[in-house]
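Q: I have a model open on my screen and would like to learn how to read it. Could you walk me through some features?
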Amino acid sequence: MIDFLFYVFAALAVAGALGMLLNTRNAVAGALSLVGTMVALGAIYVLLEAYLVGVLQILVYAGAIVVLFLFVVMLLNLRQDEFSPERLRITKIVSVVIGALVGIELLVLLPAALGPAAVLPEGFGGYRMVGAALFTDWVLAFEVTSLLLLAAMVGAVILAKRRID
Amino acid sequence: MILGVIIKLLFIVLVVAGLFLPLITWVERKQSAVMQDRIGANRADVFGLRLIGLLHPAADVLKLLSKEDVVPAGANRVLHQLAPAMALVPAIVTLAVIPFGGTYTLGDTTFSLVVADIDWGMLFVLAVGSLATYGAVMAGWSSNSNWGLLGSMRASAQMISYEVTMGLSLVGLFMCFGTLKLTEMAALQDQTFRLFGFLQHVFGIVVPGFLDWVRLPMWGLFLQPLGFILFLTCIMAENKRPPFDAPEGESEIIAGYHMEYSGMRFGLFYTAEFLEVPVIGAIVASLFLGGWTIPWLSTGDIVGGVGSVFGHGFATGVAIVLHVTSFLLKVVIMIWFQMALRWTLPRFRYDQVMDLCWKMILPISIANVFVTGALILFLEREA
Amino acid sequence: MLVEKAVALSAILFVLGTLGALTRRNLIVILMSIELMLNAVNLALVAFSRQWGDLAGHVFVLMVIVVAAAEVAVGLGIVIALFRNRESVNVEDSSLLKW
């Protein structure tokens, strides 16, 4: 059951990513495909028993960050776009070969290297354990992140401000 | 087990959506009429039976279904038709985690009257609520109209701003109850606490006997009054309820983001907006007003009291009926309150809405978190 | 078995994100492709955290989400400032420093 759900959400995620990439006419439709990818990834996180991270993915990424993208696209009222001019054909062939090699390595060699998954303690990935880890082991990263957000807020306001001159 | 989920789903869809939606359409017209000293809509009748206007929602639905579905020229067809669904689905999905009854044991089965008992239920509500932004944003942008674009830009900025403060104003409540699970929060509100008990805990003053019997139900409203006011403001602004309906300000930008919609697609937007009223009521009732609990009458009292006379199974049935009725009554009170607020306050100006969020509610909710944390630390240390 | 499939999906998404960042000329789509790459990394982190039962992966993912949010805010501010100067978000129009 979990495997079937994973395949469904993985297909949705890849479809959303392709929808964003291949969509040249409409940046808004591309952003909405990205939302589909984010929500599918949130569902995959829940399947991987990362409950807090999954719901925060939907809350922050799908609910705020992509809305920010949409806001800017609507503000700038963008229309058409094109792909870059074609590169050499050899690049495409080499990239497909390397991609196939990486795919084989991931799907065939990795399971043998990793072994079985660990038995997880009760409440793993829930908000209590992640919160406890965040405030005890990783509290320095947490505090520094708050400074980062402050810097980003100030930077974004200054960059988008209209100069009065 | 599947049968239980289906029954609960049917209850939510039929009662909350099916019964409350037409009721709210009628309440909107009648309550506003009574508040404005007029009669309101009372002409729709079936075979001469007017029923004080209760048939008007049916008439509205028939009217909307029979109108032509217009897609403006130059509009993005797919997004234009997808937007009403994106506005409606988050409102309905939120109802999946709200408990409309407690946890009961009948024989050897334990069941709780909630469709999905998620451990992080309140985060689910916040996450799904944040997805509601897309309906408003898509509706305005895909309409290829100036008013629509203005409305949807106002809507997107307002909604993502108030999401932040919605979460922050609840942090104090999470600290008080120690859980994000909505069933547990409702169950924790099933008890009473001594109003002047903190005097004994903190200052060591022995409370005189005649003050000791003052017990309040341990509702979120009494534990976090400031959080209640902040959260109510934020969730009404998030759902663009008047007086925060600048995105669809009828007197400014005509109909804002749902201007280019007609027929049942407009009906879907209106359904989404009116469905959010009982959903707001259900969330606020579960968090702050005790959910399905009856004040001063805990579940143990009911089951013990009735059970000693009539038997445990009958007592549990009585408890179920009383609890569900209590929940629906609280939702109705919240609906009345929101309607009263709608028809009393004039619409806020858009910059007033954004100022309120970032300059007033955000600092106050952070201060609320600090004060709540300090109080909890103090009280726990004394106990 | 789920962990390996999740890592494979993470690789696919990362490759798609890189392709988008390299081939598209709309600055906003490039930023969205970078977001996709960050999401792919998040998925790999969560998958390996599940494999070894270590919560550090989850904490790292939270940090990445925060950094991505900050980067999007500043990046879109830059896009708006660029648009005001050049009336276009095409990266080919901002190639004055190219040799």
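Q: Which chains have the most contacts between them?
A: Happy to start there. This is a predicted model, in which local features need pLDDT of at least 70 and side-chain atom pairs count only at pLDDT 80 or more, while totals for chains, interfaces and linings use all residues. Residues are numbered from 1 along each chain as its sequence is written, and chains are lettered from A in the order in which they are written. Two residues are in contact if their C-beta atoms, placed from the backbone, lie within 7 Å. Of the two pairs of chains that touch, chains A and C have the most contacts. Chain B and chain C do not touch, and their nearest C-alpha atoms are 13 Å apart.

Q: How many residues does each chain bring to the contact between A and C?
A: Chain A gives 65 residues and chain C gives 57 residues. On the side of chain A, helix 3 supplies the largest share, 12 residues. Helices here are DSSP runs (H or I, at least four residues), numbered from the N terminus.

Q: How many residues of helix 6 of chain B are buried?
A: Helix 6 of chain B is mostly covered, with 25 of its 32 residues buried. After this helix comes B:Gly178, with a positive phi near 75°.

Technical notes
Helices (H or I, at least four residues) and strands (E, at least two) are DSSP runs, numbered from the N terminus. A residue is buried if 20 or more other C-beta atoms lie within 10 Å of its own, exposed if 12 or fewer, and partly exposed in between; C-beta atoms are placed from the backbone.
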